[in-house]
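The sequence and the model are shown first, and a description follows.

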Amino acid sequence: MAKITRIDVPGVNVALAGLKAAIDDFDKALNGDDGIRPFAESLRGCWGDDETGEKFGKTYLQQEGDVLDTSQQTVVDLNKFVEDMKTIVEMFQELDATSAQYLEFQD
């Protein structure tokens, strides 16, 4: 274990803001008005309703749903990661400030 632990708070905050922007962009690309989800929904049934089309549609819709659900969960999980990291940095700062006050009283 390291004797000294340092966190570049401004650097972490910049990185988290960049990650949040990327998450928002991905979410918009997935769910926005001209995103993947509405586009995929607009194509439903284009394969026809004959036997071959029905077989294709059943498999396609399952796989489409899996991909869209996994993509949406990625958005949720990454947003949680960003929020958790912000909390960790805040807690570290509070701990550091408390420790510094304790050291001041030792003189």
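Helices here are DSSP runs of H or I with at least four residues, numbered from the N terminus. By that naming, Glu64 belongs to helix α3, which covers residues 51-105. The model is a predicted one.

**Overall form**

The protein chain contains three helices and zero strands. Read from the N terminus, its elements follow the order α-α-α. The radius of gyration of the protein chain is 24 Å, well over the 13 Å that the globule rule gives for 107 residues, so the chain is more spread out than a compact globule. The C-alpha trace spans about 85 × 25 × 15 Å along its principal axes.

Of the 107 residues in the protein chain, 14% count as buried. The accessible surface amounts to about 8500 Å², and carbon and sulfur atoms account for 58% of that area. As for charge, the protein chain carries 10 positive and 22 negative side chains, and 4 Å separates the centres of the two sets. Where contacts join residues at least 6 apart in sequence, 62% of them link residues at least 24 apart.

**Helix α1**

Helix α1, made up of residues 9-31, includes Ala22. This helix has 23 residues and extends 32 Å from its first C-alpha to its last, close to the 33 Å expected at 1.5 Å a residue. Its buried residues are Val9, Leu16, Ile23 and Leu30. In general, an α-helix has 3.6 residues a turn, so residues three or four places apart point the same way.

Ala22 has a relative accessible area of 41% and is therefore partly exposed, since partly exposed denotes values between the 20% limit for buried and the 50% limit for exposed. Between the C-alpha atoms of Ala22 and Leu78 the distance is 9.9 Å, although 56 residues separate the two along the chain.

**Glu64 in helix α3**

Glu64, within helix α3, has a relative accessibility of 8% and so counts as buried, the cut-off being under 20%. When its neighbours within four places in sequence are set aside, Glu64 is in contact with Ala40 and Arg44.

The table sets out the accessibility of the two residues described above.

| Residue | Relative accessibility | Class |
|---|---|---|
| Ala22 | 41% | partly exposed |
| Glu64 | 8% | buried |

Notes
Residues are numbered from 1 along each chain as its sequence is written. This is a predicted model: local features need pLDDT of at least 70, side-chain atom pairs count only at pLDDT 80 or more; totals for chains, interfaces and linings use all residues. Side-chain values use heavy atoms; hydrogens and water are left out. Helices (H or I, at least four residues) and strands (E, at least two) are DSSP runs, numbered from the N terminus. The radius of gyration is taken over C-alpha atoms; the globule rule is 2.2 Å times the number of residues to the power 0.38. Buried means under 20% relative accessible area, exposed over 50%, partly exposed in between (1.4 Å probe, protein chains only). Contact means heavy atoms within 4.5 Å. Accessible areas come from the Shrake-Rupley method with a 1.4 Å probe; for residues, only the protein chains shown count as cover. Lys and Arg count as positive and Asp and Glu as negative; His and the chain ends are not counted. The place of a charge is taken as NZ of Lys, CZ of Arg, CG of Asp or CD of Glu. The expected span of a helix is 1.5 Å times one less than its number of residues.
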